[in-house]
Amino acid sequence: MTEVDLLTRLKEVAGESVARIEPINRETVYALPVEKWLNVVAVLTGELGIRHLSAITAQQRDASQGEIEVMVHFWQGRGITFVLTLPGDHPEIPSITAIIPGADFYEREAAEMFGINFTGREATPHLLLPDDWDQAPPFTGRITHD
Amino acid sequence: MTKNIIPVGPQHPLLKEPISVNIEVSGEDVLGGSLRIGYVHRGIERLAQERTYVQNVHLIERICGICSHVHTTTYCYAVEALLGIEIPPKAQYIRALMCELERIHSHLLWIGILAKHIGLEMVFMHSWHNREVVLDIMEELSGGRVSHAANLIGGVRFDMDAEHDQMVRRQLRKLEDQLFGVLDAISTDTTIKARTKGVAPITAEQIRQYCVVGPVARASGVDVDMRRDNPLPPYDKLDFNVVTYPDGDAWARTIVRVDETRESLKLCEKILDQMPEGPVTTRARRKVPAGETVIRSEAPRGEVFYYLRSDGSEYPARLKIRTPTLAALSLMPVQLSEIRVADIPVVLAGIDLCIACADR
């Protein structure tokens with residue numbers, strides 16, 4: 001499936017707000033609305049056969065705006081990345097573990113490091129941080145340079 | 001029948017690194033398991049944001065004590081992609097040579113561990129004895145046995161002359177003479193077969209569901225290898241076989257690594273044959289232009305994923321690292337069912353866990 005065909009299919013599933021944005025290296029990147037995320041993943045893994053989830057990267061691109069960006073990186077002969085933007089004060093996104101069980105660890109890591117709430121799944125116990133970690137998620141603080 | 005929990009770890013003689021696995025058993029039958037990682041979490045992704053790109057080469061090297069070189073290689077290719085520079089061809093080949101030596105060293109280490117877990121001390125000794133030859137080569141070239149510090153942003157730290165070439169070839173021949181008999185023995189040994197054949201099979205469908213990569217995936221017939229599918233230079237100019245087996249059991253996971261060790265030995269020879277002349281470094285600026293990149297490479301345990309974003313300063317704005325063990329670990333609770341208690345070491349070892357990589 002070409003990049004244009006994929007964009008057309010994504011627009012059918014998730015609406016006209018889907019956009020192909022600047023590629024990252026050789027990876028094609030699509031921006032998606034969060035509310036249609038589960039529908040998109042169901043189509044990706046089912047009809048389109050794009051099943052290999054390489055990683056989930058969360059980040060605050062601009063700390064002053066507070067928005068948290070979730071990048072979900074797939075591989076199907078080429079890299080395909082989906083970008084979902086969450087509000088900083090209430091970062092919430094549907095969990096995809098029911099469709100892709102391999103997403104469990106990645107979601108738990110994003111949850112503990114950025115305070116993202118993954119809905120529709122069981123609790124997200126800490127993956128790397130101690131059970132009694134009671135400070136702010138490590139990636140939400142200010143970065144200081146040596 | 002009464003159910004019991006066997007706690008393995010975080011400190012346990014079976015484990016080289018800390019991980020906690022609670023295994024639910026009923027008599028000799030294993031019913032399930034759960035695991036907890038994070039005991040060697042160092043916050044490397046966060047630390048990387050506080051250090052310069054140059055300082056981070058040394059930080060990234062310390063993610064893992066086995067596959068340290070592939071991590072710095074992937075990181076340096078990511079930084080170089082953002083800088084818009086291409087390193088000299090000879091540096092690319094030296095990076096690849098170290099990657100393949102590292103793969104042989106990692107697989108031999110794993111074969112030794114598996115052999116020890118199933119009580120074959122002799123295979124363990126032979127495997128680790130041969131691994132020393134690989135470590136000697138890497139030490140001779142770089143000065144370090146496991147932390148090689150071979151990579152710089154813009155190339156590699158050491159050059160290879162004709163003397164080095166001869167030394168590596170001599171040592172590789174020595175390794176082949178010593179090792180191939182051992183690898184043949186592993187492939188045909190009845191004890192290894194008895195302990196691994198049909199044990200804890202993973203289907204290709206499970207591999208895809210849990211997004212597992214590397215030798216574990218290839219042992220279930222899933223033909224993936226980033227060296228071929230998404231080659232970093234110079235793998236696009238090298239010819240090699242990707243080893244796959246359809247069985248999916250602990251036996252297949254063993255034989256895949258045995259065969260990959262042979263393939264990597266051949267690949268080292270090819271790299272030396274094709275090694276170009278010329279410089280091994282190119283100039284790289286300290287400040288990296290704003291941008292982002294994704295680099296995927298093939299570590300001994302499978303696909304390594306790096307995402308790097310620069311905001312134009314000397315410090316990375318975000319570095320994301322996904323290691324292959326993390327993908328394989330999520331499958332472990334599934335594997336810890338429908339096996340016998342005696343199979344537990346084979347199952348835990350079979351994935352070739354690298355907890356330091358998974359925890360970062």
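A crossing of two helices is termed left-handed if the near helix is turned anticlockwise from the far one by less than a right angle, and right-handed if clockwise. The structure examined here is a predicted model, in which local features need pLDDT of at least 70 and side-chain atom pairs count only at pLDDT 80 or more, whereas totals for chains, interfaces and linings use all residues. Residues are numbered from 1 along each chain as its sequence is written, and chains are lettered from A and ligands numbered from 1 in the order in which they are written.

Chain A contains 3 helices and 7 strands, where helices (H or I, at least four residues) and strands (E, at least two) are DSSP runs numbered from the N terminus. Read from the N terminus, its elements follow the order α-β-β-α-β-β-β-β-α-β. For its 146 residues a compact globule would have a radius of gyration near 15 Å, and the 16 Å of chain A agrees with this; the radius is taken over C-alpha atoms, and the globule rule is 2.2 Å times the number of residues to the power 0.38.

Within chain A, 5 strands form an open sheet of mixed pairing in the order 1-2-5-4-3, two strands being paired if DSSP finds at least two bridges between them. Strand 1 (19-24) and strand 3 (52-59) of chain A are the edge strands, each pairing on one side only. Strand 1 of chain A pairs with strand 2 (residues 27-31) of chain A in the antiparallel sense over 4 bridges, and Ile24(A) has Glu27(A), in strand 2 of chain A, as its bridge partner.

Chain B comprises 15 helices and 9 strands, and its C-alpha atoms fill a box of roughly 70 × 45 × 35 Å along the principal axes. In this chain, the axes of helix 4 (residues 89-117) of chain B and helix 11 (residues 250-274) of chain B come within 9 Å and cross at roughly 155 degrees, the axes being lines fitted to C-alpha atoms, for helices over the stretch in contact, with angles from 0 to 180 degrees between N-to-C directions. Helix 4 of chain B is therefore roughly antiparallel to helix 11 of chain B (angles under 35 degrees count as roughly parallel, over 145 as roughly antiparallel, 65 to 115 as roughly perpendicular and the rest as oblique). The crossing of helix 4 of chain B and helix 11 of chain B is left-handed.
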